[in-house]
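Reader: Please give me a close look at a single part. I would like the domain interface, then what surrounds it.

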Amino acid sequence: MNIDSLTIDGGIPLTGRIQVRGAKNLVTKAMVASLLGESESLLRGVPDISDVRVVRGLLEVHGVSVSHGVESGDLILDPTNVRSAHMADIDAHAGSSRIPILFCGPLLHQLGEAFIPDLGGCRIGDRPIDFHLDALRKFGAVVDKLPSGIHITAPNGLTGATIELPYPSVGATEQVLLTATRAKGTTELRNAAIEPEIMDLIAILQKMGAIISVEPNRVILIEGVDRLDGYTHRAIFDRNEAASWASAALATKGDIMVEGAKQEHMMTFLNVYRKAGGKFDIYEDGIRFYHPGGELKPVVIETDVHPGFMTDWQQPLIVALTQATGESIVHETVYENRFGFTDALIEMGADITVHKNGLDGTPRRVPRRDLEQAAVIVGPTPLHGADIEVPDLRGGFSHLIAAVTADGRSRVSNVGIISRGYENLLEKLEALGARFTAEG
Ligand code: EPZ
């Protein structure tokens, strides 16, 4: 989607059927995992989003051939000619993605070195990579900081290690998985992330020949093997996109069938959705999310690691909470600046107060106290159109929902960011009855 802004006439319920395909936060990692194999991989259900195109470019500069398969969403990845790449080429393709950091392990195994440019990603906090670099050093890697990134080598190869993460970081867990599978000896990873996307990556690595066991209490054991082969895998569906459309149905008093959504990976979201007054029907081919009429109810939630309420779900849900009768509270405990999108909602008439240092008096569950922020949303407040600029991926989707919810006309600019994670966004909005015009 190379459009820059949308002019949206709101006040229309979104109704209809859309399809979500492979999870943005799995398929990009699965593409990197193909580097570890000695033969071709086939990844199925890959959405056409810019994050996938960025990783494809990064793989291709490293000599991996990436081509489309027979079925729509099929990606064939052939790593047999993997080679070193120049920093300038890597930089040119890295774009605004954080995925390059996950190339470290596979490239160290295949080539003995890796150049990783400074990372992008949504500006929702500082987003350091200290957990990643500490883990890589424990495997025996040597990290040299460069002006525009890092150069990493493994002079004595990579050896399994015991690694305890200070926080169940999704990216750092993936870093360890992608490095440990072909390291010499066994790795014990403690305080690991266990999101469904992580489990899907483990399934992919197991298909490739890895020996990985998920133990109780967030411990993952990986026994290093000498060789991994290609995989064939259909990616898990995108929970974040499914939750985004579910929230859109609630906010716009609509009714959306999200094809591909599965209950087992959205249980916590579904509980909150029901408590907020939303209805959902579970089918074999998806989940129907709808506003049953009447009032929405306020909720108090806090974001957490899986199986808690995902931080990526709070932005779209908050738009629906502006229409709930009463006071809702959302505690954000994963990122230090993930309520920036609420400025635009306030401009549209929402009553939201962000407490940068959390709410006094409420019990602090999160050891990383300094990160905890809270948004207090009082509703219902009619939303009116406004000119808004998209700040980040999930916040941007929330702005779109708010514009469709609001009475009157809104102009949403910088919408290209949203295409990083939402496939066929305009076609889906159109299919659901949204009224908008796009400007390049
Ligand atoms: C992944 O980001 C997702 N992105 C995020 O989705 C998601 O919000 C996040 O996991 C949590 O579920 C992708 O998978 C591409 P983390 P990641 O490492 O791996 C801190 C979206 O919109 N941290 O679990 O970067 C970090 O700053 C995106 O799809 C360190 O301090 O998340 C954050 O506060 C947004 N040091 C917390 O841990 C590190 O080395 C969680 O980060 C790494 C992380």
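Author: Domain bounds here come from an automatic or database domain assignment. The model itself is predicted. Under that assignment, domain 1 is made of two stretches, 5-20 and 237-439. Domain 2 covers 24-234.

Start with the distance and the area. The C-alpha centres of the two domains lie 30 Å apart. At the interface, 24 residues of domain 1 are in contact with 23 residues of domain 2. Domain 1 and domain 2 bury about 2,000 Å² between them. Of that area, 50% is on carbon and sulfur atoms. Three residues stand out on the domain 1 side: Val-305, His-306 and Arg-420. Together they supply 34% of the area that domain 1 buries against domain 2.

Now the polar side. Two salt bridges are found across the interface of domain 1 and domain 2. Eight residue pairs are in polar contact across that interface, with both residues at pLDDT 80 or more. Helix H8 (239-251) and helix H12 (393-405) each give at least two residues to the side of domain 1 that touches domain 2. By class, that side has ten charged, seven polar and seven nonpolar residues.

Next, Arg-420. Its side chain meets that of Asp-51 in a salt bridge, 2.9 Å from N to O. The chain as a whole has 23 salt bridges by the rule used. Asp-51 sits in helix H2 (residues 50-61), while Arg-420 sits in the loop between strand E22 (409-413) and helix H13 (425-431), so this pair ties together parts that are 369 residues apart in sequence.

His-306 brings in the backbone. A cis peptide bond joins His-306 to Pro-307, with omega about 10°. Pro-307 is in the loop between strand E17 (300-302) and helix H10 (311-321).

Two other backbone features deserve a look. The peptide bond from Gly-379 to Pro-380 is also cis, with omega near 0°. Pro-380 falls in the loop between strand E20 (373-379) and strand E21 (387-389). Asn-191 is not a glycine, but its phi is positive, near 60°. Its place is the loop between strand E10 (186-190) and helix H7 (196-208). These features are worth noting because most residues other than glycine have a negative phi, and most peptide bonds are trans.

Last, step back to the whole chain. It has 13 helices and 23 strands. Its C-alpha trace spans about 65 × 50 × 45 Å along the principal axes. A compact globule of 440 residues would have a radius of gyration near 22 Å; the chain has 22 Å, so the two agree.

Terms used. Residues numbered from 1 in each chain as written. Predicted model: local features only at pLDDT ≥ 70, side-chain atom pairs only at ≥ 80, totals over all residues. Heavy atoms only, no water. Contact = heavy atoms within 4.5 Å. Buried area = accessible area lost by both parts, 1.4 Å probe. Salt bridge = Lys/Arg side-chain N within 4 Å of Asp/Glu carboxyl O. Polar contact = N/O pair within 3.5 Å; in protein donor to acceptor, adjacent residues only side chain to side chain. Helix = DSSP H or I, 4+ residues; strand = E, 2+ residues; numbered from the N terminus. Nonpolar A, V, L, I, M, F, W, Y, C, P; charged D, E, K, R; others polar. Rg over C-alpha atoms; globule rule 2.2 N^0.38 Å.
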